[in-house]
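Subject: A structure for you to look at

Hi there,

Here is the structure I promised to pass on.

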Amino acid sequence: MNGKFVISLDFELHWGIFDVKEVNDYKENLNNTREAINMMLNLSDKYGIRLTFATVGFLFSKSKKELKQYIPEIKPSYSNEKFNPYRLIDMIGINEIKDPYHYANDIVKRIASNKNHEIGTHTFCHYYCLEEGQDTTQFQADLIAAINIARDSGIKIESIVFPRNQVDHNYLKICANNGIKSYRGNENSKVFIPKKMGYFPKALRLLDSYFNIFGYHTYHFDELLKDSKHCLNLPSSRFLRPHNKKLMCLEPLKLHRIKTAMTHAAKNNKLYHLWWHPHNFGDNLNENLKTLNAIYEHFIKLNEKYNFESETMTSLTNKLLIKQ
């Protein structure tokens with residue numbers, strides 16, 4: 001099998017940062033997320049790139065009334081209440097028009113109408129699988145709610161990206177039993193272990209975005225199939241860091257790091273999996289799109305030379321499972 005290029009996006013709006021930032025603390029990014037997604041879709045379609053939008057289930061709702069119809073009876077009982085998004089439900093707006101930060105049915109519909117792309121799940125409530133207090137029963141209830149709200153919008157959920165990349169391998173069987181075929185795992189290095197957020201690991205991850213410290217993080221398909229027990233792991237290769245004016249001098253190095261790894265994957269018939277959050281593009285939108293355009297132009301060169309192909313998480317999974 002030739003090399004594959006997968007892009008997954010953690011689509012979450014304020015639900016992705018509710019425990020660390022208020023809306024007003026991140027308003028510019030959130031206000032521009034819809035425009036960013038529209039421009040990403042247009043750019044991706046121009047280059048024939050397929051995207052997987054791992055979407056928080058809350059965002060499928062048009063109104064609070066509709067959202068409440070899908071809330072499971074069993075909710076996560078985090079030891080730390082700050083991780084509980086349900087505490088915000090009474091405070092959010094009544095509908096998408098009044099509150100574009102907590103609903104996104106309009107964007108979900110636009111993505112779903114474009115058959116080039118996939119909508120996966122980012123769980124129903126941005127569920128944290130490695131936080132203390134929650135358990136498998138609560139996760140299963142959350143996942144079923146996410147699947148149900150998507151199903152009622154005509155969308156079949158077959159892939160998952162775990163919020164904050166908190167993969168609990170004990171939960172993968174639950175995913176498989178509910179029709180989930182693949183998930184995005186973490187890079188194979190200790191500094192990418194979820195919740196390992198000390199200054200030293202964070203600094204190493206930052207440096208690795210610009211310099212090849214931990215390798216390309218590209219993956220042989222046979223190894224992925226061999227390691228899969230329930231859901232197929234399509235591990236992350238690189239988080240596309242948003243444009244940072246303070247680190248502008250390093251932007252060429254960031255782009256070079258990504259292009260070099262993509263080339264390695266294309267030449268060696270491996271997987272390269274890039275990801276980010278749409279709201280990352282909300283600030284410095286033009287600069288971020290310029291970077292994305294350069295990545296896409298490089299993809300076209302690799303496609304022409306090595307038959308490097310773009311896939312959604314599920315389209316690649318289906319091809320690999322047939323191969324198996």
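Below is what turned up, from the overall fold down to single side chains.

Please keep in mind that this is a predicted model.

**Overall shape**

The protein is built from 11 helices and nine strands. Its radius of gyration is 19 Å, close to the 20 Å that the globule rule gives for 324 residues, so the protein is as compact as a globular protein of that length. The C-alpha trace spans about 50 × 45 × 40 Å along the principal axes. Of the 324 residues, 59% count as buried. If you look at contacts with a separation of 6 or more, 78% of them come from residues 24 or more positions apart. The accessible surface comes to about 14,300 Å², and carbon and sulfur atoms account for 50% of that.

**Salt bridges**

How many salt bridges does a search of the whole structure find? It finds 15, and a few of them deserve a visit.

Start with R50 and E311, whose closest N and O atoms are 3.9 Å apart. This pair links distant parts of the chain: R50 sits in the loop between α2 (33–47) and β2 (51–55), while E311 belongs to strand β9 (residues 309–311), 261 residues apart. Are the two partners buried or exposed? E311 is buried, since its relative accessible area is 2% and the cut-off for buried is under 20%. R50, at 26% relative accessibility, counts as partly exposed.

Next, the side chains of D208 and R257 meet in a salt bridge, at 2.7 Å from N to O. Here D208 in helix α7 is linked with R257 in helix α9 (residues 251–267), 49 residues apart. Both D208 and R257 are buried.

Salt bridges that share partners also join K4, R50, E309, E311 and K319 into one network.

A further salt bridge brings together the side chains of D90 and K68, at 3.9 Å from N to O. D90 is exposed, with a relative accessible area of 63%, and K68 is partly exposed at 44%.

**A closer look at K4**

K4 is found in strand β1 (residues 4–11) and counts as buried, with a relative accessibility of 2%. Its side chain makes a polar contact with the side chain of E309 at 2.4 Å. Setting aside neighbours within four places in sequence, K4 is in contact with F221, K270, L271, Y272, F308, E309, E311, L316 and K319.

**A nonpolar patch**

Finally, have a look at the surface around L207, F211, I213 and L253, which form a nonpolar patch there. Together these residues have about 320 Å² of accessible area. L207 lies in helix α7 (residues 199–208) and is partly exposed, with a relative accessible area of 40%. The next residue on your tour could be D208, also in helix α7, which is buried.

Happy browsing, and do write back with any questions.

Best wishes

Definitions and conventions:
Residues are numbered from 1 along each chain as its sequence is written. This is a predicted model: local features need pLDDT of at least 70, side-chain atom pairs count only at pLDDT 80 or more; totals for chains, interfaces and linings use all residues. Side-chain values use heavy atoms; hydrogens and water are left out. Patches are made of residues with over 30% relative accessible area and no salt bridge: like charges are joined within 9 Å, nonpolar side chains (Val, Leu, Ile, Met, Phe, Trp, Tyr) within 5 Å. Accessible areas come from the Shrake-Rupley method with a 1.4 Å probe; for residues, only the protein chains shown count as cover. A salt bridge is a side-chain nitrogen of Lys or Arg within 4 Å of a carboxyl oxygen of Asp or Glu. Helices (H or I, at least four residues) and strands (E, at least two) are DSSP runs, numbered from the N terminus. Buried means under 20% relative accessible area, exposed over 50%, partly exposed in between (1.4 Å probe, protein chains only). The radius of gyration is taken over C-alpha atoms; the globule rule is 2.2 Å times the number of residues to the power 0.38. Contact means heavy atoms within 4.5 Å. A polar contact is a pair of N or O atoms within 3.5 Å; within protein, one must be able to donate a hydrogen and the other to accept it, and residues adjacent in sequence count only if both atoms are side-chain atoms.
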